[in-house]
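This report describes the side-chain packing and backbone features of one protein model. The sequence and coordinates are shown below.

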Amino acid sequence: MDTLTRMRAFIDVVEAEGFSAAARRTGRSKALLSKYVRELEDDLGALLLNRTTRQFSLTEAGHTYFRTASDILKEIDNLADLVRENNADLKGRLRVSVPRTFIDADVGQSLIDFAKAHPDVSLDIVAEDRFVDLIEEGFDLAIRITKLEDSAMIARKLCDFRVYACATPDYVARYGPLAHPQDLSGKPVIIDTNLRSHNNIRFQEPGGGMMSVAVSGPIEVNTPHATLKAARAGLGVAMVPDFIALPFIRSGELVTLFDDYVLRDRGIYAVYPHRRYLPAKVRVFVDFLSGWFRRSPLQSD
């Protein structure tokens with residue numbers, strides 16, 4: 001039995017967090033996986049897993065072996081993908097980290113469309129509002145909605161976006177005139193606590209300088225979708241990404257304020273680690289999303 005087979009069995013067991021779960025996921029028997037892991041430990045002369053009937057954990061040697069073995073197998077698989085790219089259909093599992101804001105918005109349809117176009121690629125989408133460690137947590141790539149900071153990762157911009165100050169026409173009639181961002185001071189504003197500045201909203205002067213306006217309001221919440229709902233209810237001004245707000249702006253339910261002061265350095269990016277052999281499925285996925293956003297009617301006018 002070759003080392004790669006034993007190595008794959010060990011990684012399958014660790015990723016599934018148990019022999020039974022790994023057996024269900026891989027279609028191999030629990031006994032066979034246990035045999036492969038035991039042979040691997042015998043060959044290495046080290047215990048990799050602590051296992052009892054109720055508990056499962058990695059030893060210190062197991063942690064070290066898992067990290068390095070995972071990288072080795074990824075490189076082997078990526079090289080195989082590269083060679084097969086022009087001769088076979090794309091197959092395999094693609095693990096993607098996405099913000100909830102993305103997956104819950106209309107732009108999340110891009111992932112569904114990719115899955116329909118490539119049925120042999122199994123998308124494992126993990127939606128959560130944090131910057132995951134792609135390498136440490138085993139992700140192939142991430143979608144990030146941000147002003148991209150310096151990073152050791154490779155980033156490809158899929159599209160630009162703006163964050164609009166939105167309110168209902170009734171709100172504007174009640175609290176206006178609202179001609180300059182400073183006019184928000186003392187007015188009801190919906191606070192998105194995901195924003196780093198929280199109660200200080202940043203705007204960009206037409207000449208390029210930055211300004212900050214201190215605000216307060218009736219609701220603080222950590223999702224743009226909730227701030228949008230609150231704005232539509234007339235509770236205040238909300239700062240909302242265009243790919244969420246545009247349908248309501250175009251319908252006239254919401255109006256935008258201070259358009260000349262909107263930040264212009266935001267984008268949606270596909271981010272992935274530096275690798276010697278970029279997996280074909282990652283390359284095709286990013287190309288697909290790039291094309292999807294070029295054709296999307298959800299972009300700002």
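## Aromatic pairs

Rings of Phe, Tyr and Trp (its six-membered ring) are paired if their centres lie within 6.5 Å; planes under 30 degrees apart count as stacked, over 60 as edge-to-face and the rest as tilted. The model is predicted: local features need pLDDT of at least 70 and side-chain atom pairs count only at pLDDT 80 or more, whereas totals for chains, interfaces and linings use all residues. Residues are numbered from 1 along each chain as its sequence is written, and side-chain values use heavy atoms, with hydrogens and water left out.

The structure holds nine aromatic pairs. One of them joins Phe-10 and Tyr-65 edge-to-face, at 5.6 Å centre to centre and 70° between the planes. Phe-10 belongs to helix H1 (residues 3-16) and Tyr-65 to helix H4 (residues 60-84), so this pair ties together parts that are 55 residues apart in sequence. Helices (H or I, at least four residues) and strands (E, at least two) are DSSP runs, numbered from the N terminus. Both Phe-10 and Tyr-65 are buried, where buried means under 20% relative accessible area, exposed over 50% and partly exposed in between (1.4 Å probe, protein chains only). Together with Phe-66, Phe-10 and Tyr-65 form one aromatic cluster.

The rings of Tyr-171 and Tyr-175 have centres 4.6 Å apart and planes at 35°, so that pair is tilted. Tyr-171 and Tyr-175 are four residues apart in helix H7 (residues 169-175), separated by about one helical turn. Tyr-171 is buried, with a relative accessible area of 0%, whereas Tyr-175 is partly exposed at 27%.

## Nonpolar cores

A nonpolar core is a set of buried Ala, Val, Leu, Ile, Met, Phe, Trp, Tyr and Cys residues joined through side-chain atoms within 4.5 Å. The largest has 42 residues, of which Leu-94, Leu-141, Ile-143, Ile-268, Phe-285 and Phe-293 touch the most other members. Helix H10 (residues 280-295) gives the most to this core, with eight residues. A second, separate core of 21 residues includes Ala-16, Tyr-36, Ala-69 and Leu-73.

Contact means heavy atoms within 4.5 Å. Leaving aside residues up to four places away in sequence, the contacts of Ile-268 include Phe-102, Ile-143, Phe-243 and Phe-293.

The 16 residues of H10 should span 22 Å at 1.5 Å a residue, and its end C-alpha atoms are 23 Å apart, which agrees; the expected span is 1.5 Å times one less than the number of residues. Among the buried residues of H10 are Lys-281, Phe-285, Trp-292 and Phe-293.

In helix H6 (residues 109-117), Ser-110, Leu-111 and Phe-114 are buried. Viewed down the axis, the buried residues of H6 fall within an arc of 100°, so they line one face of the helix; the arc is that of the directions from the helix axis to the C-beta atoms. The elements covering them include strand E3 (92-98), helix H5 (100-104), strand E4 (121-127) and H10.

## Backbone features

The peptide bond from Gly-176 to Pro-177 is cis, with omega near 0°. Pro-177 lies in the loop between H7 and strand E8 (191-192).

Glu-17, a residue other than glycine, has a positive phi near 65°. Glu-17 lies in the loop between H1 and helix H2 (19-26) and is exposed at 65% relative accessibility. Phe-258 also has a positive phi, near 60°, but is buried, with a relative accessible area of 6%. Phe-258 is found in the loop between strand E13 (255-257) and strand E14 (267-272).
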